[in-house]
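Please look over the sequence and the 3D structure below. A short tour of a helix, the cores and the cavities follows.

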Amino acid sequence: MKKILILGATMHSKHIIDAAKEMGVYSVVTDYVNNSPAKRYADKSYDVSTLDEDALVELCKKENINGILPGYVDINLSPYYHVCKKMGLPYYCDDRQISLTMNKKNFKDLCRRHGISVAKDVDINESNYDNIEFPIIIKPADSYSSKGISVCHNKEEIKPAVDKAYSFSTCKEIVAEEFIVADDVYLYFTVQNGYVSLSAMADRLLNNEQYGSAPQPIGYFFPSKYLELYMQKTHSKVQKMINETGIKNASFFMQGFAFKDDIVFFEMGLRLSGGCGYLQIRNQNEIDQVKMHINYALTGNFGPWDLKKYDNPRFSKPAAVLVTLLKKGKISKIIGLDIIKNDESFVDILQLKKEGDELSEIGTLNQVFARIYLCNENKEKLNESIKRIKENLIILDENNENMILNW
């Protein structure tokens with residue numbers, strides 16, 4: 001039986017573990033947290049840090065690992081590449097490709113070279129303060145999950161935002177951009193033998209009630225109403241951009257805005273998305289990005305599905321992902337999960353918090369209680385399900401107050 005090593009053991013990794021079981025593959029998962037949730041589902045688990053390359057190499061030798069997956073966070077990509085290279089195992093990205101796509105500055109430069117619109121940079125030198133049009137957004141160049149991001153509404157908020165961004169940046173670089181008020185879009189791609197396929201495109205609804213923090217997603221709706229705009233104006237440019245990077249077989253996502261009759265991008269991730277859009281892609285088109293990644297890690301073949309034949313972002317049925325964001329506090333009671341799982345539109349749920357968990361952050365994806373994946377034959381039925389779920393899901397804190405932010 002072949003063995004796959006998964007870097008990171010959050011609940012997201014259970015999707016990889018489940019797919020591996022279906023493929024007859026033995027799963028080994030590791031991170032430095034000794035009680036990470038996915039460890040109880042894997043065939044074997046370790047407490048080795050995903051950043052300790054030497055220890056990961058020893059783990060691979062001990063377990064006779066046949067392939068490695070980097071999981072769902074950007075910081076695992078570089079160790080993943082280095083360990084795969086040392087072990088002689090397939091890898092889908094190298095250090096150059098990781099730097100080009102993970103660093104937000106490099107990504108925007110890459111887009112500009114190919115005529116792809118990106119969010120406008122803002123000069124935040126103190127001498128330029130009086131020329132800045134607020135609000136602006138300041139963020140680390142290399143962080144993820146909205147960590148270290150601030151929205152500044154005046155010049156007094158710039159310095160604290162800069163300090164915060166630097167504190168979350170490993171490379172000690174930050175990005176300052178115009179704060180775009182427009183419809184948010186999220187695009188999921190699959191690359192097979194150099195061919196770039198748009199697998200899905202969603203319109204994102206955001207929660208803006210946490211002052212000074214980055215807006216957080218509360219819903220994804222497929223297919224995007226801006227899908228044809230993207231295909232007509234931008235997709236061929238993205239194909240050329242990926243060709244320049246040399247990426248041949250992978251999945252990635254890009255985030256942006258539908259702004260002034262264009263798609264304006266600000267971020268890319270060269271990995272499986274933490275939003276797990278592959279669940280909706282699999283439900284609509286049968287293509288399973290997770291199984292493709294496992295197959296590639298073990299064999300060097302990014303299959304078995306032929307993207308040109310099966311992949312189609314123009315979903316035949318409307319779909320949605322509801323994202324439940326929570327206020328600060330300790331979860332004392334969760335009500336309504338059974339109703340959600342029995343709903344006619346229910347596809348899947350990724351529950352990230354449980355009773356007894358305490359939330360201490362705002363403005364990051366650590367506020368997410370769950371992502372609820374839905375699909376139905378028409379928008380009316382889908383909207384009925386959304387209304388029903390919102391009415392029945394209740395998460396109470398220790399004061400018996402509902403913790404769910406407006407969604």
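Helices (H or I, at least four residues) and strands (E, at least two) are DSSP runs, numbered from the N terminus. Just after α1, Gly24 takes a positive phi of about 75°.

This is a predicted model, in which local features need pLDDT of at least 70, side-chain atom pairs count only at pLDDT 80 or more, and totals for chains, interfaces and linings use all residues. Residues are numbered from 1 along each chain as its sequence is written, and side-chain values use heavy atoms, with hydrogens and water left out.

**Helix α1**

Helix α1 covers residues 13–22. Its buried residues are Ser13, His15, Ile16, Ile17, Ala19 and Ala20. Buried means under 20% relative accessible area (1.4 Å probe, protein chains only). These residues pack against strands β1 (3–7), β2 (26–30), β4 (67–69) and β16 (346–351). They also pack against helices α9 (278–285) and α10 (289–299).

**Nonpolar cores**

A nonpolar core is a set of buried Ala, Val, Leu, Ile, Met, Phe, Trp, Tyr and Cys residues joined through side-chain atoms within 4.5 Å. The largest has 117 residues. Ile68, Val238 and Phe252 touch the most other members. Strand β18 (residues 368–375) supplies the largest share of this core, seven residues. A second, separate core has 13 residues, including Tyr129, Ile136, Cys152 and Ala161.

Which residues is Phe252 in contact with, leaving aside its neighbours within four places in sequence? Among them are Leu187, Tyr188, Phe189, Val238, Ile242, Met268 and Arg271. Contact means heavy atoms within 4.5 Å.

**Cavities**

A cavity is a set of points on a 1 Å grid over the protein atoms alone where a 1.4 Å probe fits but cannot get out; lining residues have an atom within 4 Å of a point. Grid points are joined across faces, edges and corners, and a volume is the space filled by probe spheres set on the points. A search of the whole structure finds two cavities of 30 Å³ or more.

| Cavity | Volume | Lining residues |
|---|---|---|
| Largest | about 40 Å³ | Tyr188, Phe189, Ser251, Phe252, Phe253, Arg271, Leu272, Ser273, Tyr278 and Gln289 |

Strands β8 (183–192) and β11 (250–258) each give two or more residues to the lining of the largest cavity. β11 gives the most, with three residues.

Key
Buried means under 20% relative accessible area, exposed over 50%, partly exposed in between (1.4 Å probe, protein chains only). On a 1 Å grid over the protein atoms alone, a cavity is a set of points where a 1.4 Å probe fits but cannot get out, and a pocket is an open set with protein on both sides within 12 Å along at least five of seven lines; lining residues have an atom within 4 Å of a point.
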